[in-house]
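Me: I am new to this structure and would like to learn how its features are read. Please guide me through them in order.

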Amino acid sequence: MSELAGLRLAGRISVVTGAARGIGYACAEALAQAGSDVALCDLDAGTAAAAAAKLAQETGVRAHGYAIDVTVPAAIRAGIERIVADFGAIDHLVNNAGVQFVAPIAEFPEADWDRVRGVDLDSVFYLTKAVWPHLAARGRGRIVNIASVHGLVASSFKAAYIASKHGVVGFTKATALEGAAAGITANAICPGAVYTELIAGQARDLATSYGGGISDEDALKRAFLEKMPTGRFIDPAEVGALCAYLCSDLARSITGTAIPIDGGWSAQ
Ligand SMILES: NC(=O)c1ccc[n+]([C@@H]2O[C@H](COP(=O)([O-])OP(=O)(O)OC[C@H]3O[C@@H](n4cnc5c(N)ncnc54)[C@H](O)[C@@H]3O)[C@@H](O)[C@H]2O)c1
């Protein structure tokens, strides 16, 4: 049995966006190991369904996959209604879906600014709004927003992501204030570098933005490993465990926070 079982989330229903892989899947997995049923949402129905089937087989919880593009409010509303119809309620929302785009500000395409802001910030508002009445109806709810260390500090060449993630931290505080009377907590998790496809996909553009002449591997070292005193990538399961803890009753007094899990990056 997982050590997370002590968090006692049996009977609870969690919605996780961008859940087919990476940190989103790790959050879904940790919530399931703590006993929660999980709705795994992602862009593609087949991928989300496959991730849900894997999770159900691994942990024995109820898990279903849903195709929800988090940039489309109508799709979100319809998806949330389907989840409530399938599971009967919603207790936890994990806003995890996110994208990155790397370029200097002077060359940053407007369309990519809009796209990053849409997925990384606007979606958090859309999902929170759609899920709110369901959490309020339970008299207890948990919202966990996967922000980033880049919601607390900046790095070069990631302006849209950094502006969006700082926005998520601010939105989390506003959510916490409005949620308190309804028993809803809201917290942001701020990971440093977790080795997923999101990180691997940046290597070439980072090397170019640094002026070229360095390998992809050295670009990743410079952008990530040298920023973390611990000098190692963070395991997605570490983020998942923090997410499951924040959804538990043990964390009922923790709200409005932005918690770094960043190997010391933001302490410098
Ligand atoms: N990997 C890191 O080092 C790191 C660090 C800090 C914060 N984060 C944040 O963690 C979250 C997850 O990142 P990851 O590293 O697991 O990335 P990832 O690229 O491995 O996974 C992201 C998932 O989100 C989904 N997604 C993308 N756009 C979507 C949309 N419009 N609608 C629905 N789903 C969509 C993708 O299909 C994918 O399954 C992101 O918000 C990211 O900003 C990651």
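Reply: The discussion below goes from the chain to its domains, then to one helix and the ligand. This is a predicted model, in which local features need pLDDT of at least 70 and side-chain atom pairs count only at pLDDT 80 or more, while totals for chains, interfaces and linings use all residues. Residues are numbered from 1 along each chain as its sequence is written.

Me: How many helices and strands does the secondary structure of the chain come to?

Reply: Helices (H or I, at least four residues) and strands (E, at least two) are DSSP runs, numbered from the N terminus. The chain has nine helices and seven strands. Its radius of gyration, taken over C-alpha atoms, is 18 Å, close to the 18 Å that the globule rule (2.2 Å times the number of residues to the power 0.38) gives for 268 residues, so the chain is as compact as a globular protein of that length.

Me: Which domains does the assignment give?

Reply: Domain bounds come from an automatic or database domain assignment. Here it gives domain 1 (3–100 + 109–192 + 236–260) and domain 2 (193–233). Their centres, taken over C-alpha atoms, are separated by 26 Å. Two residues are in contact if their C-beta atoms, placed from the backbone, lie within 7 Å; 10 residues of domain 1 are in contact with 10 residues of domain 2. On the side of domain 1 that touches domain 2, helix 1 and helix 9 (236–247) each supply at least two residues.

Me: Which residues are closest to the ligand?

Reply: A residue is near a molecule if its C-beta atom, placed from the backbone, lies within 6 Å of it. The ligand is surrounded by 26 residues, the closest being Gly-18, Gly-22, Gly-98, Thr-196 and Leu-198. Helix 1 (22–33) and helix 6 (197–200) are the elements that give two or more residues to this shell. Domain 1 and domain 2 each contribute at least three residues to the shell.
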